[in-house]
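Me: I am new to this structure and would like to learn how to read it. Can we take one feature at a time?

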Amino acid sequence: MAIPEIGTDAEFRRQVVDTLTTTLARLLDRPEPVTEDMRLMEELGLSSTLALELLLECEDRLEILIDVEQMDQDQMKTVGDLAIFVAGNSRSS
Amino acid sequence: MTALEAVSVYLPPVRTPIESLAGPLGLTSMQVRLFHRFHGLRAVGRDPDTSLSGLLLKAAAGLDALRGREHRVRYVLYARAMPVVAPYPVNPLHEVCSALGLGHALAFTVTHQSCASGFLAIDLAGRLLAADPDAADDPADQAGPLALVLAGEKAFTHDAQVFADTTFFGEGASACLVSAFGVRDRLLAYASIVRGDFDSATGENDARLQREYRPLLAEVMLRALAEAGLTLDDIRVILPHNVNMVTWQRMCVLLKFPRDRVLLDNIPDSGHVFCADLFVNYQTACERGLLQPGDRYLAAAVGAGGGATFAAMVFEH
């Protein structure tokens, strides 16, 4: 569950999106920018393992712990969907 | 009805932290962090001074129920994740049979379902015993045939030590005495889904396996429950395969099953003990007093490698 100070507000979600997009571009060695509307698996080819690495980097940068057990990949088609999940299922580390 | 008469487990007393294995295995610090943070794996058992047959014998040494009943053992089944573990003509299974006074038994290895081979071995043992002319459908029968199911392996090679950023294998072994019509722990149902199309040789099916892994595991568990005429509400505890923590945490969400009733105790410091996970976790459940007479429990495993097998068994304690 999210805690109030990092919560699901727009600013925190924006931070998550920025972190996810920049980290994804680096992990995927992708010269073109990654955007919020891109589909994680079909478009970016994100594997389960790389997804966990992405989340770990996100935890490090934002100083949070993400509750990964609640993740439902079927509900997270795009980078934006993942950002909403992270924003709503994390707490301060 | 197939029954587990007695179970014995050997796990090496010394645990090796996975970070100390990272260098020789060529793992990055990020991979080690992922194993720690999400997979919940800290250490695995390694027993460099004990051979494969030595591991199996250490497990069998604790099987008190075998003493004096060796003559009743008709079959010895060795459930193995890896198809080849010794150079010809070394035969660890025959060495173990000889050392245990079971040279008269029909001994063979059950494999090609990777880490789900242990479930198949129990099922095969029960069916062989039930078909034995000397078998009697009487739980009080003190002379009927028995089978010994062995599991456990050495983590010899890279692939036998770590699997695709998913799990670390731990050395250890188990020995389980099986009867055809015993009173405990009775096997109520066995289900398996064998998917040869998930061949890992080329890697092209890996993403599909990742997507379908948990739904198929849930399907086989529910299939076993249905065969037993039960639902998850009837299950006291789930004995998982020790692949990692996050897989089972997410399985609990998928199945809507309480996480504190899935026995995850052995994952952090024993890792995935090949086909022996079921028995390792069974012993822990008994030691912790989680199973009372009459309790039903569900065991599940996935064997992935050359294809994938999803298996589940329902038992009554």
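Reply: Start with contact: two residues are in contact if their C-beta atoms, placed from the backbone, lie within 7 Å. Keep in mind that this is a predicted model.

Me: At what angle do helix 3 and helix 4 of chain B pack?

Reply: Angles under 35 degrees count as roughly parallel, and 65 to 115 as roughly perpendicular. Helix 3 (residues 52-61) and helix 4 (residues 92-99) of chain B pack at about 40°, their axes 9 Å apart. Helix 3 of chain B is therefore oblique to helix 4 of chain B. Their crossing is right-handed.

Me: Which residues of the two helices meet?

Reply: From helix 3 of chain B come Leu52(B), Ser53(B), Leu56(B), Leu57(B) and Ala60(B); they meet Pro92(B), Glu95(B), Val96(B) and Ala99(B) of helix 4 of chain B. By class, this contact has seven nonpolar residues, one polar and one charged.

Me: Do strand 4 and strand 5 of chain B run parallel or antiparallel?

Reply: Strand 4 (residues 73-79) and strand 5 (residues 106-110) of chain B run parallel, joined by five bridges. Leu77(B) stands opposite Phe108(B) in strand 5 of chain B.

Note on methods. Residues numbered from 1 in each chain as written. Chains lettered and ligands numbered in written order. Predicted model: local features only at pLDDT ≥ 70, side-chain atom pairs only at ≥ 80, totals over all residues. Axes fitted to C-alpha atoms, helices over the stretch in contact; angles between N-to-C directions. Helix = DSSP H or I, 4+ residues; strand = E, 2+ residues; numbered from the N terminus. Parallel < 35°, antiparallel > 145°, perpendicular 65-115°, else oblique. Left-handed = near helix turned anticlockwise from the far one by under 90°. Nonpolar A, V, L, I, M, F, W, Y, C, P; charged D, E, K, R; others polar. Pairing = 2+ DSSP bridges.
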